[in-house]
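Visitor: Please put the sequence and the model on the screen, and then take my questions one at a time.

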Amino acid sequence: MEDSVHRIYLEGEQLGNETRNKEFKEGGGKYLKNNLKKDVSKYVCAFLNSGEVGTLYVGVNDRGKNSNKNFAFLFCFTRSSLQVLPVL
């Protein structure tokens, strides 16, 4: 996994750009209820099918900014593991 995944992220921090292995979802509102399950399923399949490590950042906007003070977390995927990490 990316070295940067295993650290604390602060509100307003810039996390770079989306890549083949890094996807941002802003979340907020009713995201947890209406979209989280679908997005996690979609990106788990994509990352596992690619055979590479992938990270889904929830609470980060498309510009790579940690934008959601109510919740933010990461789903980090490899072929053999899934980690869910809170963002502070």
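Guide: Helices (H or I, at least four residues) and strands (E, at least two) are DSSP runs, numbered from the N terminus. The expected span of a helix is 1.5 Å times one less than its number of residues. This is a predicted model, in which local features need pLDDT of at least 70 and side-chain atom pairs count only at pLDDT 80 or more, while totals for chains, interfaces and linings use all residues. Residues are numbered from 1 along each chain as its sequence is written, and side-chain values use heavy atoms, with hydrogens and water left out.

Visitor: Which pattern does the protein chain follow along the sequence?

Guide: The protein chain has 2 helices and 4 strands. Read along the sequence, their pattern is β-α-α-β-β-β.

Visitor: What distance does α2 reach from its first C-alpha to its last?

Guide: α2 has 15 residues, and at 1.5 Å a residue 21 Å is expected. The distance in the model is close to that, at 21 Å.

Visitor: The structure holds 2 aromatic pairs. Of which kind is the pair of F24 and Y57?

Guide: Rings of Phe, Tyr and Trp (its six-membered ring) pair if their centres lie within 6.5 Å; planes under 30 degrees apart count as stacked, over 60 as edge-to-face and the rest as tilted. F24 in strand β1 (residues 22-25) and Y57 in strand β2 (residues 54-58) are 33 residues apart, and both are buried. Their centres are 5.3 Å apart and their planes at 75°, so the pair is edge-to-face.

Visitor: And of which kind is the pair of Y43 and F47?

Guide: Y43 and F47 are 4 residues apart in helix α2 (residues 36-50), about one helical turn. Y43 is buried at 11% relative accessibility, and F47 at 4%. With ring centres 6.2 Å apart and planes at 40°, the pair is tilted.

Visitor: Which residues does N61 touch, not counting those up to four places away in sequence?

Guide: N61 lies in the loop between β2 and β3 (73-77) and is buried at 3% relative accessibility. Contact means heavy atoms within 4.5 Å. With residues up to four places away in sequence left out, N61 touches F24, E26 and S67.

Visitor: Which residue meets E23 in a salt bridge?

Guide: A salt bridge is a side-chain nitrogen of Lys or Arg within 4 Å of a carboxyl oxygen of Asp or Glu. The whole structure has 1 salt bridge. E23 is buried at 15% relative accessibility. Its partner, at 3.5 Å from N to O, is K25.

Methods. Buried < 20%, exposed > 50% of the residue type's maximum accessible area, 1.4 Å probe, protein only.
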